[in-house]
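Please read the points below with the model open beside them.

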Amino acid sequence: MRIEQWFYSLPVRLRSVLHPNQADRELKEELRQHLEQQIKENVAKGMSPEEARYAALRTLGGITQIEQQCRDARGGNVIEDFFQDLRYGFRQLVRSPGFSALAILCLTLGIGANAAVYSWIEGILFRPYPAVAHQERLLALAGTARGESGPTPTSWPDFLDLRRNCTLCEDSFVSKITGSTLSIGDHAETAVGSIVSANYFDAIGVHPMLGHGFDPGDDVGDASHPVVVISYQLWRSRFKGDPQIIGKAQRFNNVPHTIIGVAPEGFYGTFVGWAMQFWVPASMEETFESGGYKLEDRGARWIEAYVRLKPEVSRAQAQQEISAIASRLETTYPATNRGRGFSLWALWQTPFNNAGTLLPTLEVMVAVVAFVLLIACANVGNLLLVRSFARRHEMSVRLAIGASRVRLLKQLLTEGLILAALGTTGGLLAAYWCRHALVLLLPARSGVAMYLPGEIDGRVMALSIGICLIVTLIVGIIPALQTRNLDLAGALKAESSAVVGARKKAWMRSGLVVLQVCLSFVLLVGAALLLESLQKIRTASPGFSTTSVVTTGVSLVAAGYDVPRAKTFQNELMGRVRVLPGVQSAAFARVTPLGYGSYSSTPIAVDGYHPPLEEQPTMEYNQVSPGYFATLGIPLLSGRDFTRTDDENAPPVAIVNRTMMTLYWGGQDPIGRRLQVKGSWARVVGVAADSKYESMRETARPFFYVPLRQDFVRAPALYIRTNQPLPAMLAALVREVHALDANLALYEMITLQEQVNRSTSPQLVAVTLVSILGGLALLLAGVGLYGVMSYAVAQSTRELGLRMALGASAANLLRLVISRGLRLTAGGVLFGAAAALALTRLLGKLLYNVSPHDPWVFGSALAVMAATAVSACLLPAWRAARTDPARVLRE
Amino acid sequence: MSKPSDLVQGTLDMLILKILALQPWNGWDIGQRLKQISSDVLGVSDGSLYPALHKLEHRGWIRSQWKASENNRRAKFYSLTQLGRKQLERETTNWNRVSAAISGIVKLKEA
């Protein structure tokens, strides 16, 4: 409408909104005058007053209808109508509380599931770090290596060069997760924290609530700045909120650190999944990381970093610049950087924390909750259809006295809006209540505070409101389609009786049930596939025994052991452990397979093997003590195990795995051949079978082992093969360790099976979530089917009675109803199976050794669906079978 | 309820504007005038007159006022606004063009 037109029409519009009653009175008066005039004229023509009146009414037409048409012509009363509809809608809901409660519950579940998943996505993937400024411009920085698919850590000198030369980055900082023992009084506890660059707190815009952050020089030198910022939680729990904490000393890994700051409440660090408890500058790296002083070693890749781009800079632009920097480093430092690069990752793809592991699950969840929402909508739609059938009479009367269909549609949409708004409110409350639920699904670890919060912010709210409006449209339009075909005359007459399976009226309700069955079948198949692959991955052989092997560790570094003392201690402990009752063998190794710790890696060279030009083969390896292969149950295919004589004074030796033998020696037995590790040549003395090293999902990869004594670390993990139960083993081991040194603390002791379970926890999360929602969907579909069948039975008692009177048995009627229910189910399953065949591919990354089209999985989903359908139909069928023909025919 | 045919529906607005262009009238008078002018050919019922009046008023083409009528009773009088006058001109031009075109076609057929 043009402005000019508003000028003329606004006063009229305003008046009809502000004084609707006056406008109505005037309209009535106008029409009354018209009628009077007409009567006068008719009388003048010679009619009797009575005749004149009737004639006049006939000429004018139905007064009520004209009044309504005039009101509609005024049109502008949107607001007035809306409030009227709102009042009326609420009255309707209160009048049938059972229906309202069920509908709102369905929508709460549907919308709540969506809001919860979106809040997790927001809180874990998009805005994972509370209190950190400008997360939208934050990117994760990882290294790349030619010939390796995954991201790698970065070295400190490389990071410094990148920070100096990146013009598109506003800032970049290091945040590498680490564990520590924390001495409180006379006992030690484990804590988790970050090794960070000195600019950390400035770069993320977080200011300690007490004290201050690090000074610019704090990340320079070796162990030169023993300072620490502690988290609010640690300050409250361990230091009782001591306001005088700044300047006090606290031992971390047995090294006294000065507490210089307390981070503000609500800041949990920058690692998705765990709440950080302390931050130390990079100069203290050697105290927390194994492998020596690495700040000046370009070949030591251990850090995880982030960059914040300048405003308006895209990731692609920044990646281009960073790649250029990397190739300059490649030319300047070919020994360490050949084939090395940098890659930038969006926060939600961060490869080195739980964002990356949860991403595939959360992606699938978006689709799953959309399905659940659709199923919930179909259920509510069905409920509304039943009610709109009951309200046919009301709608017909309103149409008959002149309400337009548009007006009725508005009414129905308003009622839908009330339901959707209540459902959305409930859903948001449910999502808020569930915001920390993901943590519960992950296995607990001692000493680590898991933190995976859902975040209900403006974006999640806006999305929920969007869903609310879509739901409003769906649940408002479904009953409106029913009134479209309202036959005025027919509807005003008494209700007619239907027949079981009468097509005309039931098609929409049946269609909705078919849709529900179809969608929940897809979810069932998805849940079953995930369950199947969890089963497979947990029972798959990692290439080492998982049942009778336990692992733990002793924190020698924390206790201040130097290398000679650590060697003595390891020897003595091993001597004591081997003779413990029930212990079959024991060994040390630097890295636990499938754990979070990363293996050492080295450039390698092999006699007689010529790598493609421009490629420097690098490989990961583990440092293990004699007896490692026997303890873990990894078969030696040829050659020998390491012995105690393979020590620092003996010539270097190595054991390679089968894949490495195939790749580098063409499958020939490599015993006695040479392998270059960290620049020095080692003799191959054995070949071990392949096993899993970092993840159960990895494919066979080349790998090798060197003797612990020839590449020593002070804090290796200890493995014990035993037939003793874990608590007894732990008690015995603690006794032995304390006999050697009462001040030493043991790390958590777990079985290797637990290690496998922890490494597959993302699968567990996916299975649990999809199963819960699949169960919910099944329940909703069952309720939907039950509703349709009981309604059909209730509507057709007359027909059922007739059938019975004509000789049908109760069993016949039972079959009739159940077979109809099963027909609907079969239709849904058919569509569902087709959809599932197309969609289960999307589970891709979450599946392990299970075909997305696994016939067993489809079969069992079908069985569950059929069982649900039969049980949903039983009660209505039973009611049908109990129809009393005499009573029905009398009515 | 008799409804005007589609053709009349379109032209009813124009006729009302045309009638009001001369002087303000009340609803009854407009009805009478419509009948006179169209000699009942168009079959405009009084039933469809009032919704049309209210619609035009809401579009800002006419305005209403309660005034004393000839027999000294208060009645609702409708008059044309500036905007309505422009609208009438537009519709008249339009009408002339369309009817000229149509009669052209009709003549063509006869020829």
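**Notes on the model**

1. Lys67(B) has Ala75(B), in strand 3 of chain B, as its bridge partner. This is a predicted model, and the points that follow should be read as such.

2. Strand 2 and strand 3 (residues 74-80) of chain B run antiparallel and are joined by 7 bridges. They belong to an open sheet of 3 strands in chain B, ordered 1-3-2, with antiparallel pairing. Strand 1 (25-26) and strand 2 (62-68) of chain B are the edge strands, each pairing on one side only.

3. In chain A, helix 13 (residues 354-390) packs against helix 25 (residues 761-795) at an angle of about 10°, and their axes are 10 Å apart. Angles under 35 degrees count as roughly parallel, so helix 13 and helix 25 of chain A are roughly parallel to each other. Sorted by class, the contact between these two helices of chain A has 25 nonpolar and 6 polar residues, with no charged residues.

4. Between the chains, 24 residues of chain A are in contact with 18 residues of chain B. On the chain A side, helix 1 (3-18), helix 2 (20-44), helix 3 (49-60) and helix 4 (63-74) each supply at least two of the residues that touch chain B. That side of chain A has 7 nonpolar, 12 polar and 5 charged residues.

5. On confidence, the pLDDT of chain A averages 86, and 93% of its residues score at least 70. Residues 494-503 of chain A stay under 50 in pLDDT; for this stretch the model has 15 contacts beyond four places in sequence.

Methods:
Residues are numbered from 1 along each chain as its sequence is written. Chains are lettered from A and ligands numbered from 1 in the order in which they are written. This is a predicted model: local features need pLDDT of at least 70, side-chain atom pairs count only at pLDDT 80 or more; totals for chains, interfaces and linings use all residues. pLDDT is the predictor's confidence in each residue, from 0 to 100. Two residues are in contact if their C-beta atoms, placed from the backbone, lie within 7 Å. Helices (H or I, at least four residues) and strands (E, at least two) are DSSP runs, numbered from the N terminus. Ala, Val, Leu, Ile, Met, Phe, Trp, Tyr, Cys and Pro count as nonpolar, Asp, Glu, Lys and Arg as charged, and the others, Gly among them, as polar. Axes are lines fitted to C-alpha atoms, for helices over the stretch in contact, and angles run from 0 to 180 degrees between N-to-C directions. Angles under 35 degrees count as roughly parallel, over 145 as roughly antiparallel, 65 to 115 as roughly perpendicular and the rest as oblique. Two strands pair if DSSP finds at least two bridges between them.
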